[in-house]
Each structure stands twice: as structure tokens, then as C-alpha cells.
Amino acid sequence: MNWKLPSIVLVFVLLHGTASPAPAQTMVDFREAIHAGEPSLMTVVVTPAHPDPPPGPDADDPDEAAQPAPPPGAPPNAANGPRIELFELDGQPMMPIPELVQQPASEITSAAFAVDESMLVAYIGGPAETVTVLNRSGQQTDGKVIALDYVTGLAVISVDDGLFSGLVVSSAETEPGMPVVAIWLDGDVLTADAGMVATRAVASQSGIGSAPKIDFGSGGQMVGAPVLDASGVLVGVMVPGQDSKQVCAAASNISRLIESASSKTPHDLKRGLVGIQFQGVGALVMEVSPDSGADKAGIQPGDVVDRVGETEIHSAADVVAAVASARAGDTLQLTIRRGGESQTVPVTLGEHPQQQLVQTAGPADGLGPVPMEEMLRQFQFPTPDRWHGRRLMPRNNAGPDAVPDFAPNDQPLQPADNERLLQELLRQMEQLNNKLDRPE
């Protein structure tokens, strides 16, 4: 029986050797990435250029001078015909519709990083009056904006005699599970915040198109901070989003911006306009703007958008994100469904009439949007006690688009209700004004 013992022992050893403990979670070593990215880091201080006020009537032009002044509460340059500028609740004036115009911050401080020996990328938010570049030692030099992306707010800035060490820009999209690190200078201190890409690029309320969600350790990255993979390659840049949170603009935005800045005729990247208004939560086309890219492509009310390029569309938000990811002049392939039949049409984006960023100056950091509650307080939104038992809807409209009760019984209005109500009022006002502006 002794001959069996070695076999038993051998089997035990083999089984024990093949059994491995559960792998322990380990942290990624980003020292190589930080070592590669640190020489490229700078800080940029921007004084935004304040837009010129809209021109008034020309006294030398009798036709223009004879035009009556717009009614109180109407936005500047409003049409002189009948306009819907004031909503009523139970026959009583409720609130004027404000003109939502970005008020630029007095000064913006952004992280910056070099992309070659004389060019930096930083967040400037819009046209800039002055740009000052600071190195780690605090030395200052003037920078010149040579290309601005109106969607992300990022710009390429040239500096004379820069001699920078530029980052390598990734040509691939981020993937869920990818470890990344954001780095920037806090004065003369190098700061890093490691995280992980949590999602693929998805449509969201970012305002810059599809963007991945990244779970960082602290969530306090400096605006304009480059996001690097473990080898030090640039995969994104942190920019403000319209939901008060920073989002990661993909590396493809940087490549496109650098290309526009490096061309023989440097040019800005403008926000595009497809010219479609949607109804409900789906991608059902409600209205097509005359002479827009969608109108020229033959898209009609009642069509349903199923795809934009290779992106499958589930809601109007997906289309909005796809358009925000493109730029004016780009051509998108829209697959639409009409009467049960599918067809793909090329749509060339026009230039959006409002090129200001979706972000408005926030009370905290001067970069984020004004919270909805603060905006409603500024425009004297009705108090909750005025809503009990009432229903708000446009006149002569009791259809499915009527706004439901927002304060039934004794429940006060919630912030989400305020936002939903304001957006619905703005949408209905725009519809009515479009109808009034059309010639009979």
C-alpha cells in the first residue's frame, strides 16, 4: 500500500499548484505618463472678448428709423410683426421669456499643454481679448489664438520661441476600463488625478456631443487638464459641460483643432446646424427649418431618424449629440424612415446662428452654467402656491403636448419640474413665433 502514497501526494501538489488565489486589485503606475506629460504643462489666463452690442437703427435710413421699438420683454432685434413674448396663466401675466445669452466671465484660468514646440491647447471659452501663458516658474508671455473650437471652448495658442515638448495625441477612442490620469499645474505644483473610463462615448447633456464618463478619484480636475493613458498619450481634455460638471472632450476634437490651426489658412471650428426640430422623446421629425441642411437634403416632418453615420439613434438626444460632435460644413449621413421605407441622405451642416458656448458663466467658478433655480429666481418665476389645481397650456391647445399639472394637491414645484416647464414654454413660444413669421 506504500506505493499509493507518493501518487496521492503528487496529485495533491498538482491540485494545490493549479489553484490560484483571487487576483487582488492593484493601482496602475502612472509615473511614466506623468514623466512624459509634465514638460508640456503650462497655465493660461484669458480675458474674454466682450461681444459688440447689436447695432441700433440707422437714423440716415428712413425705413429703418421709422420702425417701432420692440415691445417690453422682447429680445433685441426681434421682428416687428406680432410676436409671442409674454405667457399668461389664467389670464394673468406670468413671466417674460428671457433672452438666454452667455455672459462671459471676467477672467478664465485654464490648464494648458503643448502639442508641438510652439503651440499650446487650452480652454478659453470663446473669443479672447488677451491670452497670457505662464510656465511653472511663473514667467509670463503673450499668446495668440490661431484656432478656436466653439463647441468645446478649446483653442490652439501660439507662443513665440516656445520650444515646448508636445504631447502625442491618440488616434483611438477611449474604452471602458481604460486607466487614465489628468494632470495640471496648480501654481508651481504638479497635480495628478487618476481614474478609469467608465463608459464608451455616449450621448448626454454634455453640450459637446458624445463623451465618455470617467470616474476620477477627486472629481476636482482643473479645466483644460489633459487626460493621458498609462503611457502618456493624450486621450482627452477636461472641459466644462452644460450640466455643471466637467466632461472629457475626446482626442479627436484636439486632432481636428490642431489640423485647422496648422492649415495654410487657419480657421475656427464652428457649431453646426442640421435644421430639425423633434417631438416627444423619440427621433420623430416635427419640423424642418427652411433652407437648412435637412431641408436641402429632402427631410420632411414625419420622418424618423434611425442612424447618423454609424451611430444608431434611439432618441432626439442622440441626434443632437451627433450634430454637436460634427462641425459646420461637415456632411453627415442620416438614415431616415418614411412610410415604412428606409433611405440614407447626406446632410451638410450649416453654421449655427448662435456660436456662443452652451456653458454660461456660473456663480462659483465663472465657467459652469447658471443653475436652473437661480435663473428662475432672476426672472420671477411664479411661486408654488399659484399652481395648485391649475394647468398651464398654450391658448387653444388641449392636445397631447399640453403641459400637465406641475403642482397637484399640496406638492410644491421641484427643480426638475421648473426646468421641464421652462423648456416646454420656450419650445411652444418658438413654434408660435415661427408660424407668425411665415408669410401667408
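## Residue G339

In this predicted model, G339 is exposed, with a relative accessible area of 83%. That value lies in the exposed class because the class begins over 50%. G339 is placed in the loop that links β21 (331-338) and β22 (341-348).

In sequence, G339 and D303 are 36 residues apart. In space, their C-alpha atoms are 8.1 Å from each other.

## The seven-stranded sheet

An open sheet is built from 7 strands in the order β7-β6-β1-β4-β5-β9-β8, and the pairing is antiparallel. The edges are taken by β7 and β8 (144-148). Each of these two has a single partner strand, so one of its sides is left without a neighbour in the sheet. On average, neighbouring strands of the sheet are turned by 35 degrees against each other, with direction ignored.

Strands of a sheet pair through backbone hydrogen bonds, in either a parallel or an antiparallel arrangement. The pairings described below are antiparallel ones from this sheet.

## Pairings of β6

Strand β6 (residues 128-134) is joined to strand β1 (residues 41-48) by 6 bridges, and the two run antiparallel. In this pairing, A128 of β6 has P48 opposite.

Strand β7 (residues 140-142) is also antiparallel to β6, with 3 bridges between them. Here V133 stands opposite T141 of β7. The two strands β6 and β7 form a hairpin, with 5 residues between them. Within the turn, G138 has a positive phi of about 90 degrees.

Strand β5 (residues 119-123) and strand β9 (residues 154-158) run antiparallel and are joined by 5 bridges. M119 stands opposite S158 of β9.

Which strands does helix α4 lie across? Helix α4 (residues 251-262) lies across β5, β8 and β9. Relative to β9, the helix runs at about 40 degrees. Of the strands it crosses, β8 is one that stands at an edge of the sheet.

## Aromatic rings

How many aromatic pairs does the structure hold? The number is 0. For a pair to be counted, the ring centres have to lie within 6.5 Å.

A contact of another kind involves the ring of Y150. The charged end of K270 sits over this ring, 5.4 Å from its centre. The distance meets the cut-off for a charge over a ring, because that limit is within 6 Å of the ring centre.

Notes: Residues are numbered from 1 along each chain as its sequence is written. This is a predicted model: local features need pLDDT of at least 70, side-chain atom pairs count only at pLDDT 80 or more; totals for chains, interfaces and linings use all residues. Side-chain values use heavy atoms; hydrogens and water are left out. Rings of Phe, Tyr and Trp (its six-membered ring) pair if their centres lie within 6.5 Å; planes under 30 degrees apart count as stacked, over 60 as edge-to-face and the rest as tilted. A charge sits over a ring if NZ of Lys or CZ of Arg is within 6 Å of the ring centre and within 35 degrees of the ring normal. Helices (H or I, at least four residues) and strands (E, at least two) are DSSP runs, numbered from the N terminus. Buried means under 20% relative accessible area, exposed over 50%, partly exposed in between (1.4 Å probe, protein chains only). Two strands pair if DSSP finds at least two bridges between them. Axes are lines fitted to C-alpha atoms, for helices over the stretch in contact, and angles run from 0 to 180 degrees between N-to-C directions. Contact means heavy atoms within 4.5 Å.
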